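Here is a short report on how the parts of this structure meet. Look over the sequence and the model first, then read on.

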Amino acid sequence: MPKVIIDGKELEAKQGQSVLQVALENGIFIPHFCFHPQLKVAGNCRMCLVEIEKVPKLQISCGTPIRDGMVVHTDTPKVKEAREAILEFLLINHPLDCPVCDQSGECKLQDYTFEYGKKESSYREEKKTHVKKDLGEYIEMELNRCILCTRCVRYLRDVAGTEEFCLHERGPHAEVGPYLEKPLTSPFQMNLVELCPVGALTSKPFRFKARVWLMDKVRTICPGCSIGCNVVAWSYSGKLLRFTPAENPDVNRCWLCDYGRLLVDRVHSDDRLLVSMKSGERANRKDVISEIATKVKELVESKRSNMVGIIGSAHLTNEDNYAIAKLAGEVVGTENLAYMAGENKRPIEPCDKPLTEWLVSDDKTPNTRGARDMRVVPGKGMDVKAMLGAAARGEIKALLVFGDDLAASLPDEFRAAAAALDVLFVTSTWINNTTGLASLVLPEASFAEKDGTFTNEPGRVQRVRSAVPLQGEAAPAWATCKDIASMMGHDWHFGCEAEVFAEIAQVVSLYHGLSHDKIPFEGAKLGV
Amino acid sequence: MTEKILTARFEKPDSYRLSSYVEDGGYEALKKALSKTPDEIIDIVKAAGLRGRGGAGFPAGVKWSFVPKESEKPKYLCVNGDEGEPGTFKDRYIMELDPHAIIEGAAIASYAFGAHVAYIYIRGEFKLPIERVENALAEARQAGFLGANILDSGYDLDIWVHPGAGAYVCGEETALIESNEGHRGMPRIKPPFPAIVGLFGGPTVVNNIETLSYVPHIINKGPEWFAAMGPEKNGGTKLFGVSGHVKRPGLYELRMGTPLRKIIYEVCGGMRGDKELKAVIPGGSSTPILTPGEIDVNMDYDSLAKIGTMFGSGAIIVIEEGTCIPRLAARLAKFYAHESCGQCTPCREGVPWIAKILDRVENGMGLPGDLDQVLKICDNIQGKTICPLGDACAMPIRAMIVKFRAEFERHVEEGGCPFGPTPTPWDSES
């Protein structure tokens, strides 16, 4: 293994690594703009220049492969002077509009200028400006702030796989942008927002909503599909405002699709269901629980447990689904337990192909695998469709639907069932046709309000963390199940998601040995 | 003193045709070369001390020897006929008047390091050179000097012309390769060097037109003959393109090491109108300027490097008394700002900055501190860019300010140009 000395520290390196990679891996920070670990090296910003002994000129650390015995200095007067110069160059044509720039607070140019830059510019000439270009609905482009690092060009070409950007013009007139003045089409275009080290590409849905340094951040899982991309959920004043990708080399690397990002808007949307309802009227949560418990109890006591149908959901957490299955098995004793499982036929393991080849799942639920692991599956009973059929024929009298919009997926079957049922109990995050047809409705907590776990399609258990407080009267399904059980005389000992999961770890063999605290940031891969 | 090697055939009628070339012994060197091993060819060219005539002066034989013997990808030769350096006008004459010499040289070079495809990258504005080279290639193919199994040697080679699209930076070898691939002409970061990863990812040598044109002569007459023609490590002759305020500007083939004073006052007949000499740019616009006190220098790579300038492409620009150096500097900076590819920060931002300041100075709006600011920017550009274009601006501008500082300061103090609207050799528009 080659050894290099960086700033006096002797470090082991792998053949083929660059000086910058070795430095970063060992906690030695060298400022850089154009280098990105997931992109091809461009070497154009010149910010990462370092001094290498026996080499007369400063070298870019991102583009210089290490050699055994190489001695590198990242903090000499020569290097500092070069950094100052590069920052001054980048700022001479920059509008310096940080007060109204949405990148402020997470801008590399701002941070490096503070850390390594000169306090005053010697520039006395007129600044160059660029004509504004419209990139469509999601990305705001402000070329006057661009430092031409070409991360966007390289990302769209090499990672997203839609080569939509190029460098136009040359010299001082050079600018990045679409080949033709057309909106971006990539379903992964919003990764550009984080890739852009400055405020040239910002998010149209998010910009101007909050200053990032005032926001709360929590690492959680995108609920958009069975991949389970790791995200940071950003909120301000209890409102979820954006998702940004969190790094997980085994799941989403550092990317996120636009579909997933835009789900953020669903948390505070106008169609959120925030109150309990009974026969279309606002009701007390306790009364709704009591009514469904009474109805179910009646059927159970008259030995008609199988006239109760219970439906879990791949949108809900493992904790929710475990409680739903427990309600069906231990409290009601019905065999009619099922959920709408999603289906995906694509490979979703990270690879070097374009994102369209692996960061897309046909299964738009986050927890198909987890719901199955929690055994929300028809034992000897019926699947969802069969259960709705049985309800329509009067063979099922009470149906409990947790967190799924069945009226959307099986409209005719659901309508027929609803008409025939004695009682239709639904928990839902949003007002929809399912809640419209239900006699008893409770608001379900949204993905942003829940703690718990999702298990992604390849079997990785990942932590979901609540980013905002429970909205209105919303509650997670596991708590609702616990309340129903309690009304029916079953006292469940768990009082929070971590305790539900502790029970899962005991009961479900695949999850043995796991606990909320033991699941690392990158998730826990289950055995097969 | 004027040795005729490359220019020997220039005045012949139809010098550019194959029949004329063959009549003068053309393609004999190729025959000879094909009977030797590639390594023997490389050794001969190394021994001749042939250095790259494009400007950098890197020994050609050594460059060829960097190409790996075994390669999964095809190897390529790119012949650099971009000739964009202001002041330079030598390669176009070879392309126009003796294109077969280039083709023969390129074929020998390709054989030496194992390329089977070569491209001649010609500046797009060079209509006649492109036409002449294209025709010469067709003639050579027809005669069996190119194509499959050349002269029954078992060696295959084809050569194609790739016209440029008008960028100075494409004279830089990696930008030339990008452009040759059909991309925007932008220099690549090194490593990897072209000899390892070049055109279409294959090992590639980029040689200047003039460099390759010497190769058939070296094969024919031997490396000792060539080496003996110049000072040590600076073998051969050189095409000097002399422009500016001399009596007889033009293209001259002279031995390496010919004194600059001799070129100005004897070869070119002295200063136009017998005016005083003010300055000389010795090797194209990117080489630092010389004062009259510095012209007792021999024109070869090492002698010029010793006095802090460069041999460059042999483009000597002679400047007479009464020429405004700040104006020259401003025009030069404007050229480099226009030609910067815009890829890396110091060149993209720094060079136009210099141009703006110098333009102000020349036009009477200079401020105290401007000159030191320009020198500072030059320091901040030089050695920090992807390719030498930034240096090519910083070095000559610095030299002009350092050597003619009083003249710049006068512009600032007097708030205008003391020379009035004197045209410099750069002001083609005036």
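## Where the chains meet

Chain A puts 36 residues into the contact, and chain B puts in 34. This is a predicted model. The size of an interface is often given as the accessible area lost when the parts come together. Between chain A and chain B, about 2700 Å² is buried. Carbon and sulfur atoms give 56% of that area. On the chain A side, the residues that lose the most area to chain B are Phe89(A), Glu125(A) and Arg170(A). Together they make up 27% of what that side buries.

Four salt bridges are counted between chain A and chain B. One salt bridge joins Lys376(B) to Glu81(A), with 3.6 Å from N to O.

Which elements of chain A each supply at least two residues to the side that touches chain B? They are α2 (77-92) and β7 (165-168). The largest share comes from α2(A), with eight residues. By class, this side of chain A has 19 nonpolar, seven polar and ten charged residues.

## Domains of chain B

Chain B has a domain 1 (18-227), a domain 2 (237-320) and a domain 3 (325-414). The centres of domain 1 and domain 2 of chain B, taken over C-alpha atoms, lie 27 Å apart. In their contact, domain 1 of chain B supplies 18 residues and domain 2 of chain B supplies 21.

About 1400 Å² is buried between domain 1 and domain 2 of chain B. Carbon and sulfur atoms give 55% of this area. In domain 1 of chain B, Arg51(B), Arg53(B) and Phe89(B) lose the most area to domain 2.

## Links between domains 1 and 2

How many salt bridges does the rule find across the interface of domain 1 and domain 2 of chain B? It finds two. Arg51(B) also takes part in a salt bridge, with Asp302(B). Their closest N and O atoms are 3.5 Å apart. Eleven residue pairs are in polar contact across the interface of domain 1 and domain 2 of chain B, both residues at pLDDT 80 or more.

On the domain 1 side of chain B, α5 (91-97) and α9 (209-221) are the elements that give two or more residues. By class, that side has seven nonpolar, six polar and five charged residues.

How values were computed:
Residues numbered from 1 in each chain as written. Chains lettered and ligands numbered in written order. Predicted model: local features only at pLDDT ≥ 70, side-chain atom pairs only at ≥ 80, totals over all residues. Heavy atoms only, no water. Domains from an automatic or database assignment. Contact = heavy atoms within 4.5 Å. Buried area = accessible area lost by both parts, 1.4 Å probe. Salt bridge = Lys/Arg side-chain N within 4 Å of Asp/Glu carboxyl O. Polar contact = N/O pair within 3.5 Å; in protein donor to acceptor, adjacent residues only side chain to side chain. Helix = DSSP H or I, 4+ residues; strand = E, 2+ residues; numbered from the N terminus. Nonpolar A, V, L, I, M, F, W, Y, C, P; charged D, E, K, R; others polar.
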